[in-house]
Amino acid sequence: MADGEILKKLEDSTKDAVAVQLQTLHTILQRNGRSSYLQRYGASLDTGSFREAVPLSCYDDYADYIDRMADGGGGDDDGDRPVLSVDPLVCFFNSSGTSSMKPKLIPYFDSPPSKAASHIAHQGSVAILRRLFPPRQSINKVLWFIYAGNVTYTKGGFKAMAASAFPLQSNNKNPSPFLSTSASPREVILGSNVEQQMYCHILCGLRNLDFIDGIRAPYAVGLIRAFALLESKWEQICEDLKCGFPSMEITDIAMRDSVTEVLAGPQLDLSKRIRTICEGKNWGGIVGKLWPNVRYIKCVCTGSMEQYYQKLKYYAGEIPVLGGDYFASECCVGINLDILQPPQLTRFVLLPTAAYFEFLPFTLDEEEIGDDAQETVDFSGVEVGKMYEIVVTTYRGFFRYRLGDVVRVVGFHNTSPEVEFVMRAPKTPAEILTERDLMTAMGNFQLVLRTVKMPDVTEFASFFDLDSIPKQLKIFLEVAGVLQDEKLQELGSVLRRNFSSLEDGLGGVYKLRKGRGEVGPLLVSIVKPGSFNRLLQMATENGAPASQYKPPKIIRNLEIVHFMEGSALLTVSFDSSD
């Protein structure tokens with residue numbers, strides 16, 4: 001299907017979005033209505049009775065079903081009824097494993113209507129990019145920082161992987177079109193070590209630097225890590241180009257051999273060219289300096305990724321940073337029709353054919369975050385300016401499933417809601433801080449650090465300790481560079497003098513509970529350099545997909561907390577009543 005046809009299909013689906021949504025729900029119920037999960041709520045559910053009969057759900061409501069399927073059990077206890085979907089189970093997608101360390105398993109069923117809707121969404125995204133940057137015949141490679149090798153198997157023999165890895169890991173005999181444009185060979189993408197893969201991606205991208213049209217990653221943090229690696233390893237990269245083979249630090253044999261083939265012997269002139277650019281250590285605009293024909297950088301920059309946007313713009317220089325789409329492991333949610341917009345202006349048009357969407361009103365009042373007692377609304381009931389948690393019913397076995405994302409409705413594209421991503425939803429009413437609160441507070445504090453010429457905060461996360469008396473909020477910070485003891489103590493002094501600038505941004509719920517004496521002194525710890533990178537390693541060791549990993553902002557896993565506390569170089573306690 002041509003790009004114009006794809007975009008017309010997307011456009012047409014938004015013109016009577018409410019009717020399309022009802023048809024989507026009808027198709028889902030007609031197909032999966034006899035699943036064990038739905039049969040608990042009635043033998044003949046239809047679009048009129050569905051929302052009243054079936055309660056809202058979260059992952060825990062499906063965990064037993066999913067575990068049974070992962071272990072090889074295909075039906076219910078009697079074995080004659082599908083558990084979640086009538087369609088064949090192909091594999092499992094791993095969630096990001098961001099805050100809980102261990103990823104959730106999202107079942108992927110071979111569902112024809114789901115595949116059709118997903119195809120339109122993904123091809124629409126490609127068409128939007130091609131409309132802005134028409135393909136060029138010779139400059140047609142993309143430096144893709146993607147990692148698809150972290151594949152595990154369940155007891156039942158099913159693969160578990162990142163959703164982005166599926167086209168490369170599936171048994172489809174047709175090669176993925178992704179490989180034909182990737183600057184890196186398949187062996188690098190499917191490698192066994194993320195750090196080594198990242199290095200080899202850069203090496204392959206520099207070997208063919210005149211043919212790179214774009215630089216991409218699923219999330220902005222992936223590009224920040226890659227450019228930071230370039231800053232620290234550029235001399236070794238130049239040496240590898242000069243010698244014609246990768247450093248001995250690359251221990252994956254298949255990866256080494258494939259990269260050696262890409263390098264095609266010693267590249268003396270290329271090595272000198274890159275060395276001349278990098279030895280000045282002026283990394284502002286480095287993308288255009290190293291890759292002269294690059295036209296764009298593309299990744300998700302919204303939500304928790306927004307903190308990396310300015311640093312990414314620093315590396316990009318004049319090269320535009322394009323936004324990504326709103327595609328979850330469970331289903332496609334929304335498409336970004338204007339990818340040139342910065343993250344604070346990015347809007348996603350919800351896709352009426354991708355799933356059946358409901359919206360749970362979300363509030364940030366002074367008593368508690370969110371209100372589960374409220375009723376959901378559909379496309380016809382959302383109001384511009386209001387925030388909602390997204391609830392989805394998918395073709396692949398999730399019914400009235402709370403996706404865990406909070407969005408704000410900012411308008412309509414035809415009759416389909418346009419939303420901006422706000423944050424991940426709190427897990428429980430006991431939480432006193434949101435991702436957005438923490439990011440706001442750290443943005444304010446970052447400005448303070450710059451005025452006194454302190455190192456930038458590169459990563460941060462918080463943990464609300466419910467077991468301490470009184471309860472206590474702990475914030476972990478990682479700063480740029482290696483801090484000598486004198487500089488570390490100076491940073492501690494800056495923290496003590498400017499705690500109010502940090503606390504002031506932590507949101508109304510935190511301030512109210514702190515004022516009541518329900519929350520003890522704020523605790524801030526400066527952790528060792530590389531601590532947050534170690535969290536990535538720990539997560540991938542537990543099965544989380546490296547391509548989809550996002551550093552946690554709200555920590556809910558005690559293993560992570562204990563690691564961060566053990567990595568602390570300096571901890572400062574502050575009580576605003578002092």
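**Exercise 1. Is Gln472 buried or exposed?** Once you've decided, work out what surrounds this residue.

*Solution.* Keep in mind that this is a predicted model.
- Step 1: Gln472 sits in strand 17.
- Step 2: check its accessibility. Gln472 has a relative accessible area of 15%, and the cut-off for buried is under 20%, so Gln472 is buried.
- Step 3: The Gln472 side chain gets to the backbone oxygen of Pro521, at 2.8 Å.
- Step 4: list the neighbours. Leaving out residues up to four places away in sequence, Gln472 touches Phe463, Phe464 and Asp465, plus Val519, Gly520, Pro521 and Leu523.

**Exercise 2. Find the cis peptide bond that joins Ile469 to its partner, and say where that partner lies.**

*Solution.* 
- Step 1: recall the background. Most peptide bonds are trans.
- Step 2: read omega. Between Ile469 and Pro470 omega is about -10 degrees, and the bond is cis.
- Step 3: locate Pro470. You'll find Pro470 in the loop between strand 16 (457-465) and strand 17 (472-479).

**Exercise 3. Take Ala264 and Arg400, and compare their phi values and their surroundings.**

*Solution.* 
- Step 1: Most residues other than glycine have a negative phi.
- Step 2: look at the two angles. Ala264 has a positive phi of about 55 degrees, and phi of Arg400 is positive too, near 55 degrees.
- Step 3: Ala264 is in the loop between helix 12 and helix 13 (268-278), while Arg400 is in the loop between strand 13 (387-393) and strand 14 (401-413).
- Step 4: check accessibility. Ala264 comes out at 52% and is exposed, whereas Arg400, at 6%, is buried.

**Exercise 4. Walk along helix 12 (residues 253-263) and pick out its buried residues.**

*Solution.* 
- Step 1: begin at the start of the helix. There, a side-chain oxygen of Asp252 comes to within 3.2 Å of the backbone nitrogen of Ala254.
- Step 2: pick out the buried positions. They are Met255, Arg256, Ser258, Val259 and Leu263.
- Step 3: ask what they pack against. The partners are helix 9 (186-189), helix 10 (194-207) and helix 11 (220-243).
- Step 4: step past the end. Helix 12 is followed by Ala264.

**Exercise 5. Describe how helix 20 (residues 531-541) and helix 21 (residues 558-566) cross.**

*Solution.* 
- Step 1: get the geometry. The two axes come within 11 Å and cross at roughly 150 degrees. This crossing of helix 20 and helix 21 is right-handed.
- Step 2: name the residues. Helix 20 brings Ser531, Phe532, Arg534, Leu535 and Met538, and helix 21 meets them with Glu559, Ile560, Phe563 and Met564.
- Step 3: sort them by class. The contact between helix 20 and helix 21 has 6 nonpolar, 1 polar and 2 charged residues.

Definitions and conventions
Residues numbered from 1 in each chain as written. Predicted model: local features only at pLDDT ≥ 70, side-chain atom pairs only at ≥ 80, totals over all residues. Heavy atoms only, no water. Axes fitted to C-alpha atoms, helices over the stretch in contact; angles between N-to-C directions. Helix = DSSP H or I, 4+ residues; strand = E, 2+ residues; numbered from the N terminus. Left-handed = near helix turned anticlockwise from the far one by under 90°. Contact = heavy atoms within 4.5 Å. Nonpolar A, V, L, I, M, F, W, Y, C, P; charged D, E, K, R; others polar. Buried < 20%, exposed > 50% of the residue type's maximum accessible area, 1.4 Å probe, protein only. Polar contact = N/O pair within 3.5 Å; in protein donor to acceptor, adjacent residues only side chain to side chain.
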